[in-house]
Amino acid sequence: MWDERYRMIVETASEGIWTIDENNLTTVVNPALAEMLGYEPREMLGKSMFDFMDPADVEEAQRSFRLRREGVGERPKFPFRAKDGHKVWTLMTTSSLHDGEGKYAGALAMVTDITAQKAADAECSHLAAIVRSSASSIVGMTTGGVIESWNEASSRLYGYSAKEALGQHAPSLLARDPSEREQLVARAAAGDDQRQVERQDLSKDGRVIDVSITDSTIRDFKGRGIGISRIAHDIGRRMRMESELQYLAEHDWLTGLHNRRRLIPELDRCLAYASRYRRSGAVLALDVDHFKFVNDSEGHGAGDRTLKSVAEVLVGRTRDTDLLARLGGDEFAIVLPEASEQDALKVASDVRSLLWERPGGPIKASVGISLFTPEQKITADDALVAAEVAQYEAKEHGGDQTRVFSGRAAETLTWFERIRAALAEDRFLLYGQPIVDLRTGLVVCHELLIRMVSEDGEIIAPGDFLPTAERFGLIVEVDRWVTEHGLRLAIDGERVTINLAGPS
């Protein structure tokens, strides 16, 4: 009766039951164990338990069984190899069996399959290793923002050891603006996973750190929020590089003043403000006289020192609210918001005097002034070109003087606007002048000569518009037009030459 009950218990047990004799040979295997390893029970009977292990695992298993036989209690974890080849991790609870005389007669083992648990443990260990070795700061928090885990990268980024950080309130400890970070934590705790955001944190020593962070909700198996994970990357280097690139894109590398690219939108805003609030102002264009002679005779180093001196004089003479720029070469611009003609003339006079009296030797300059009023509807380009036209007029009359944009100068400005319109509307023509080989008398190619077409169809000679194009930077676009159309003719089989003015 008891044997039958014993047999039923063994066969119906959900855990594996494995008995071996004093020679470690299998005497009993229940269905649960056989199924665990993928065998039929009869296939396992009479075999050693170690026959179902990899050779590398046998020695450790034998050691454990020896200890158990000697009365040292253990619950060893053994890996067995199933019939289909996959590894089965087991937890074994063993008991020694003795005969009637008390001699060792084998062992009884209760075997639990822990393969899934082992895999989960391995995954957790792997994930923990990733977190520990990650270059990114990874912080685990409660839903209230209290720090529960803290990796080495967090210590490197913020300066706090794990001992110092654990148990602290993350927004209060790390954030430059705790209230803003509190909002992020609250949203994450509510299940609103955050996209990557860029914020500023504080390190232990008070330094401001630019970081890219992601706060995400940690959920249990029912989807309930039980914590928050926070990943932070130090983006300080990137931010510095972006700032430097932005600076270089908007400033002149030599003088540190704004460049033309930055000046134009700033001047547009100034003009819009003047129009809205009924203010007047002025734009000054300054060009160093005989600068090419300085470069050619004394070298580019002397030329650079001259340009830096001009920039220093402009900075020293103007207000913080004025706009300064180096437009290129030896040309500078000054924008005077809320200034009258007399104010602009005074600034021009002072700047020229300071340049003339500078300790390193006199610098002569030509200055052009254009005025803007609330009634005018002009763009920054128009205002700047008008000042350049007036400056050009001052230089044409001997230099070292100041001119205000006037009716006569307006004629030059008109040419500028006509050239710009002709470029936009493709109103140019190319004439082919034959080039003859004097030895043969044959035409070998054609030299392409540009003409501009006026609004009413009149053909305009290059001498009428090219000087203005060269002076005010439109010549590059004219050269591009000539090159593009000349190449089209060459592709079609024509032998042509083109003339390029290039920047002056």
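Q: A salt bridge is a side-chain nitrogen of Lys or Arg within 4 Å of a carboxyl oxygen of Asp or Glu. In this predicted model, what is the N to O distance in the salt bridge of Glu198 and Arg238?
A: This model is predicted. Glu198 and Arg238 meet through their side chains. A salt bridge needs the nitrogen within 4 Å of the oxygen. From N to O, this pair has 2.7 Å.

Q: How many residues apart are Glu198 and Arg238?
A: Glu198 belongs to strand 8 (residues 197-202), and Arg238 to helix 10. The pair links distant parts of the chain, and the separation is 40 residues.

Q: Is Glu198 buried or exposed, or in between?
A: Buried means under 20% relative accessible area, and exposed means over 50%. Glu198 has 39% relative accessibility, so the residue counts as partly exposed.

Q: Which elements does the salt bridge of Arg403 and Glu393 tie together?
A: The closest N and O atoms of Arg403 and Glu393 are 3.0 Å apart. The two residues are 10 apart in sequence. Because Arg403 and Glu393 lie in separate elements, their pair ties together strand 15 (residues 402-404) and helix 15 (residues 380-396).

Q: Is Glu393 buried or exposed?
A: The cut-off for buried is under 20% relative accessible area. Glu393 has 8%, so this residue is buried.

Q: Which residues share partners in one network of salt bridges?
A: The whole structure has 30 salt bridges. Some share partners and join into one network. Its members are Glu250, Arg262, Glu266 and Arg269.

Q: Which residues form the nonpolar patch of about 320 Å² on the surface?
A: One member lies in helix 10 (residues 236-250). That member, Leu245, is exposed, with a relative accessible area of 57%. The patch consists of Leu245, Tyr247 and Leu248.

Q: Which strands are the edge strands of the open sheet of 5 strands?
A: The sheet has antiparallel pairing and the order 2-1-5-4-3. An edge strand pairs on one side only. That picks out strand 2 (26-29) and strand 3 (77-81).

Q: Which residue is the bridge partner of Ile20 in strand 2?
A: Strand 1 (residues 16-20) and strand 2 run antiparallel, joined by 3 bridges. In strand 2, Ile20 is partnered by Thr26.

Q: What is the radius of gyration of the chain?
A: Along its principal axes, the C-alpha trace spans about 130 × 70 × 45 Å. A compact globule of 504 residues would have a radius of gyration near 23 Å. For the chain, the value is 44 Å.

Key. Residues are numbered from 1 along each chain as its sequence is written. This is a predicted model: local features need pLDDT of at least 70, side-chain atom pairs count only at pLDDT 80 or more; totals for chains, interfaces and linings use all residues. Side-chain values use heavy atoms; hydrogens and water are left out. Patches are made of residues with over 30% relative accessible area and no salt bridge: like charges are joined within 9 Å, nonpolar side chains (Val, Leu, Ile, Met, Phe, Trp, Tyr) within 5 Å. Accessible areas come from the Shrake-Rupley method with a 1.4 Å probe; for residues, only the protein chains shown count as cover. Helices (H or I, at least four residues) and strands (E, at least two) are DSSP runs, numbered from the N terminus. Buried means under 20% relative accessible area, exposed over 50%, partly exposed in between (1.4 Å probe, protein chains only). Two strands pair if DSSP finds at least two bridges between them. The radius of gyration is taken over C-alpha atoms; the globule rule is 2.2 Å times the number of residues to the power 0.38.
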